[in-house]
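Visitor: I'm new to this, so please pick one part of the chain and take me through it closely. Then show me how it sits in the whole thing.

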Amino acid sequence: MRRRVKLAFMVNDSARNITYTKRKKSLIKTIDELATLCEIEACAIAYSDFHPKTEIWPSSWEVQGVVTKFRSYSDFEKGNKMLNKKSFLMQRIVKSKEQLVKLQKSNWEVDKSLILFQCLVKENFIDTLNTNTLNDLTYDINEKLKKVTSKINELDTNVTI
């Protein structure tokens with residue numbers, strides 16, 4: 001299993017050059033696989049202080065075709081296909097907030113079950129709960145009672161028929 005790499009600027013020039021070369025090779029391999037597997041046009045342009053010449057993959061005329069095709073899109077089409085750092089982070093924040101809300105709801109459901117269990121086990125436990133918690137529990141209990149009542153009524157009508 002690979003270990004996580006700490007993403008930080010590498011002070012050592014030779015280590016940074018070696019890492020750059022390895023990562024560039026891996027990136028080009030990944031882009032090549034993506035282009036082959038998905039039948040898409042893809043290219044990579046890498047500029048580095050280590051190499052005076054800009055590196056282009058697959059070839060300069062193929063890259064020029066991909067760039068020309070991309071530039072021919074309208075700004076609206078480009079906007080739908082591109083993410084800058086800010087929009088990417090905003091999307092991640094929105095997704096994280098949605099996930100947080102789901103987890104909070106799930107945690108509250110587990111907490112309610114534990115509270116109800118404690119209420120059954122300890123008679124005085126209900127006195128320790130605040131008003132909001134009691135109101136939430138009351139609402140949930142009433143909803144469950146409605147479901148039980150409707151199920152009983154449904155079973156009664158099935159038995160009499």
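Predicted model: local features only at pLDDT ≥ 70, side-chain atom pairs only at ≥ 80, totals over all residues.

Guide: Let's look at the loop between α1 and β1, then step back to the whole chain. Residues are numbered from 1 along each chain as its sequence is written, and side-chain values use heavy atoms, with hydrogens and water left out.

Our loop runs between α1 (13-38) and β1 (44-46), and Glu39 is in it. Helices here are DSSP runs of H or I, at least four residues, and strands are runs of E, at least two, numbered from the N terminus. Glu39 has a phi near 50 degrees, which is a positive value in a residue other than glycine. Its side of the story is also an open one: Glu39 is exposed, at 75% relative accessible area. (Buried means under 20%, exposed over 50%, and partly exposed in between, using a 1.4 Å probe and protein chains only.)

What about disulfides? The structure holds 0 of them, counting a disulfide as a pair of cysteine sulfur atoms within 2.5 Å. For Cys38, the nearest cysteine sulfur belongs to Cys43 and is 15 Å away. Another cysteine, Cys119, is partly exposed too, with 21% relative accessibility.

Further along, Pro58 sits in the loop between β2 (55-57) and α2 (60-72).

Now step back. The chain has 5 helices and 2 strands, in the order α-β-β-α-α-α-α. Its C-alpha trace spans about 85 × 50 × 35 Å along the principal axes. The radius of gyration is 30 Å, whereas a compact globule of 161 residues would have one near 15 Å; that value is taken over C-alpha atoms, and the globule rule is 2.2 Å times the number of residues to the power 0.38. Buried residues make up 11% of the 161.

For a sense of distance, take Asp136 in helix α5 (residues 131-160). Asp136 and Ala44 are 92 residues apart in sequence and 56 Å apart in space, C-alpha to C-alpha.
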